[in-house]
Amino acid sequence: MLLSLEVAGACALLLLVSLVVIVLRRRKLSGRLGTFDCSLRHPEAGRRRWALGVARYEVDRLDWYRTFSFSPRPSCTFARGALDVLDRRDPAGAEVLAVQPGAMVVQCRVEREPLELAMSTDAYTGFASWLESAPPGQNVNVA
């Protein structure tokens with residue numbers, strides 16, 4: 001009986017520490033300049049589910065960090081020159097529950113692979129500006 005209580009206590013402590021680490025990581029990511037809430041999905045790569053995350057602009061790329069992760073590294077990185085915006089739309093059906101409230105879905109292509117990003121309209125304005133302000137010679141397309 002005592003052993004099972006110790007195991008349950010250790011599991012509860014591990015869960016609590018994990019949650020604290022995830023919350024601190026999220027705050028650190030969100031506190032940086034050029035970050036915004038952004039859900040992501042690869043609609044044709046077998047990953048049809050939305051993943052919550054935070055995106056951050058870099059000079060030549062967009063880094064995306066999964067919300068529920070311990071990794072300090074981005075889960076995905078998209079080169080600015082390889083990222084094309086095809087269209088934008090409101091979430092439909094079950095997407096309304098899977099993305100942040102008030103988000104819009106931005107349909108993109110990264111090196112011929114489809115990609116969907118869900119972000120607020122304010123974040124989209126910044127995203128489109130970031131793409132359009134690419135240095136000369138980079139091929140960018142914003143819908």
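Analyst: A salt bridge is a side-chain nitrogen of Lys or Arg within 4 Å of a carboxyl oxygen of Asp or Glu. The side chains of Arg 61 and Asp 63 form such a bridge, at 2.9 Å from N to O. This is a predicted model, in which local features need pLDDT of at least 70 and side-chain atom pairs count only at pLDDT 80 or more, while totals for chains, interfaces and linings use all residues. Residues are numbered from 1 along each chain as its sequence is written, and side-chain values use heavy atoms, with hydrogens and water left out.

Asp 63 is buried, with a relative accessible area of 1%, whereas Arg 61 is partly exposed at 31%. Here buried means under 20% relative accessible area, exposed means over 50%, and partly exposed lies in between (1.4 Å probe, protein chains only). Asp 63 also forms a salt bridge with Arg 56, where the closest N and O atoms are 3.9 Å apart. Arg 56 is buried, as is Asp 63.

Another salt bridge joins Glu 116 and Arg 89, at 3.3 Å from N to O. This pair links distant parts of the chain, 27 residues apart: Glu 116 is in strand β9 (residues 113–119) and Arg 89 in strand β7 (residues 83–89). Strands (E, at least two residues) and helices (H or I, at least four) are DSSP runs, numbered from the N terminus. Glu 116 is buried, with a relative accessible area of 7%, and Arg 89 is partly exposed, with 24%. Through shared partners, salt bridges join Arg 56, Glu 58, Asp 60, Arg 61 and Asp 63 into one network. The count of salt bridges comes to nine.

Now the aromatic rings. The structure holds four aromatic pairs. Rings of Phe, Tyr and Trp (its six-membered ring) pair if their centres lie within 6.5 Å; planes under 30 degrees apart count as stacked, over 60 as edge-to-face and the rest as tilted. Phe 36 and Tyr 57 make a tilted pair, because their ring centres are 5.1 Å apart and their planes are at 35 degrees. Phe 36 lies in strand β1 (residues 35–37) and Tyr 57 in strand β4 (residues 53–57), so the pair ties together parts 21 residues apart in sequence. Phe 36 and Tyr 57 are both buried.

The rings of Phe 127 and Trp 130 are stacked, because their centres are 6.4 Å apart and their planes at 25 degrees. Both residues lie in helix α3 (residues 121–132), three residues apart, about one turn of the helix. Phe 127 and Trp 130 are buried too. Together with Tyr 124, Phe 36, Tyr 57, Phe 127 and Trp 130 form one aromatic cluster.
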